[in-house]
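Dear colleague,

Please find the structure below, followed by a short account of what was found in it.

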2 protein chains.
Amino acid sequence: MKEFELIDRLSRSLHTNPTVTTGPGDDCAVLDWGMADRLLLFKTDAVVEGIHFDPSTPPEKVGHKALARCLSDIAAMAGTPSAALVTLGLRADFDPAYLDRLYAGINALARRYDVAIAGGETTSNPERLLISVALLGWVGRGKAVLRSGAEGGDAIFVTGELGGSLSGRHLEFEPRLAEARWLVEHFPIHAMLDLSDGLAGDLPHILKGSGVGAELLGSAVPISRAARIAAKTAGSAKPPLLAALTDGEDFELLFTLAGRDAVPLLDAWKQQFPKLPLSCIGKITSEKGITIRDKHGARSLTVHGYEHFA
Amino acid sequence: MKEFELIDRLSRSLHTNPTVTTGPGDDCAVLDWGMADRLLLFKTDAVVEGIHFDPSTPPEKVGHKALARCLSDIAAMAGTPSAALVTLGLRADFDPAYLDRLYAGINALARRYDVAIAGGETTSNPERLLISVALLGWVGRGKAVLRSGAEGGDAIFVTGELGGSLSGRHLEFEPRLAEARWLVEHFPIHAMLDLSDGLAGDLPHILKGSGVGAELLGSAVPISRAARIAAKTAGSAKPPLLAALTDGEDFELLFTLAGRDAVPLLDAWKQQFPKLPLSCIGKITSEKGITIRDKHGARSLTVHGYEHFA
């Protein structure tokens, strides 16, 4: 059972109350506490030794990743992070010096985005270190960008370059907080999320949430240098485009806006963020499903990659 | 290294910001988001298979306990819970039907206190199930009861009965939310916490936070039936008073208020909560340390229990 199917199942008929304006299924929960100008964003995310990092990973990078993943979800709503709590599940043989370095990584990132580390808990998780971060942030009332707003004819954009993140970037990525807020301030963004499970895994969330489909142009998908190098050096590696579609842990923004805004956006973006690529990779269609076109023709895209049409 | 020593160590020089009015070291973080009438309470807590529950524990009770522990921390601040996120670390061989029952336990308690389950995440934790709950609540501005307000001459009270919780109560306890709010509405409570590590383990948090000491009367400490039965039936069991002081997982309220309010409180409490015992167990002293008096004389209380004075 895939994670999102399981969450779908568990989220059915859970208790809610009027403060919750967006519940399970988006990047963050959105809560209305009656403040005139803003809504609360609430998110948790966990990283686990042997799954999201290795015992040999420098602990500063583990701490960075643990907090950055949550910050990326706040970015996906065009929000601003404010305060975090850190829960540690400690191995039986934990080393306090390791935890000092882990916290140094968390703290450096927290300082950069002015996120208070307002507390934490430790518990025992004998076989492996687990770090769960709970994050509270906010977004201007009416400014949260959900996954459900995409419309037929929208242009689909992605920041940065995709694929190959596990060769290093997943431990060092910078959450796209400034970029997301700039986007929302300057253009009517229809739908947005942060890419954690790969374009092929995450684009369906926007499509399902919005009741639409998509056509992608294979040659427009930005492929990272790491994915290209892996394809050249390792015989068993994925082709670069497949890596860009399915590797996961990119933590780039995927969003849509009206087709007429696409060219003005690209022009303004180059001025604002000259070092960060922004790519228009296709368009939203009213027909369901995802088609990807490249030199081999049109293929159907699934969460595992593409398949030739029968 | 004890949990609270470790948290002390890790909490040093973490980034904070002006929204945080109470950070690491109290039952919840307290955040000021500029709302006229209230402050936010923010808390996380985790339970782990083999540590806080057994594989044979009915999953509904596991879910109940996971959420109830967080609710108890909100109670300790005299707050009201509002929304929770649930993070599951799933065993490699997890059973979706087990998780349905776990969520049923969470949901039943959430409904009773009108706590929205606003989302969740799942991750892999191959060897054992881990459930981390993040909870958001609120307290009236100026109404949060911290651990640091105890004064010499205060009376020390505890709700319910202590000890023996691991024989069953730790899976079924009801967080003292209504009782805590009633207390704060009717009496000036100086300091409060919820007992999770036993009276001997937790009272020092109030004393350290307030820069005071305490004298307890052994015969006034309310001992649970479970602790008395255990002492009679198991030859190796702790004496009942020692169990009440050190067993942990009681999730009762421990609080102090001015000595002159002690009798009026006891009278009003009996009217309001006739089924729940409230016990005055001693007084706050300006001298540091904890003394416990019983038929054996005066003894010094440590986190591990009491020791005869040399």
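**Relation of the two chains**

Chain B is superposed on chain A by a rotation of 180° with 0.0 Å of shift along the axis, at an RMSD of 0.0 Å (least squares on the C-alpha atoms of residues with pLDDT of at least 70 in both copies). The two copies are thus related as by a two-fold rotation axis. In chain B, the residue that comes closest to this axis is A134(B), its C-alpha lying at 3.2 Å. Both copies use the same surface: 100% of the contact residues of chain B recur in chain A (contact means C-beta atoms, placed from the backbone, within 7 Å).

The model is predicted, so local features need pLDDT of at least 70 and side-chain atom pairs pLDDT 80 or more, while totals for chains, interfaces and linings use all residues. Residues are numbered from 1 along each chain as its sequence is written, and chains are lettered from A and ligands numbered from 1 in the order in which they are written.

**Domains of chain A**

Chain A comprises domain 1 (3–140) and domain 2 (154–308), with bounds from an automatic or database domain assignment. Their C-alpha centres are 24 Å apart. In chain A, 15 residues of domain 1 are in contact with 16 residues of domain 2.

**Strand β8 of chain A**

In strand β8 (residues 189–194) of chain A, 6 of the 6 residues are buried, so this strand is largely enclosed by the rest of the structure (buried: 20 or more other C-beta atoms, placed from the backbone, within 10 Å of the residue's own; strands: DSSP runs of E, at least two residues, numbered from the N terminus). β8(A) pairs with strand β10 (residues 253–258) of chain A in the antiparallel sense over 5 bridges, pairing requiring at least two DSSP bridges. L193(A) stands opposite L254(A) in β10(A).

With kind regards

How values were computed
Two residues are in contact if their C-beta atoms, placed from the backbone, lie within 7 Å. A residue is buried if 20 or more other C-beta atoms lie within 10 Å of its own, exposed if 12 or fewer, and partly exposed in between; C-beta atoms are placed from the backbone. Helices (H or I, at least four residues) and strands (E, at least two) are DSSP runs, numbered from the N terminus.
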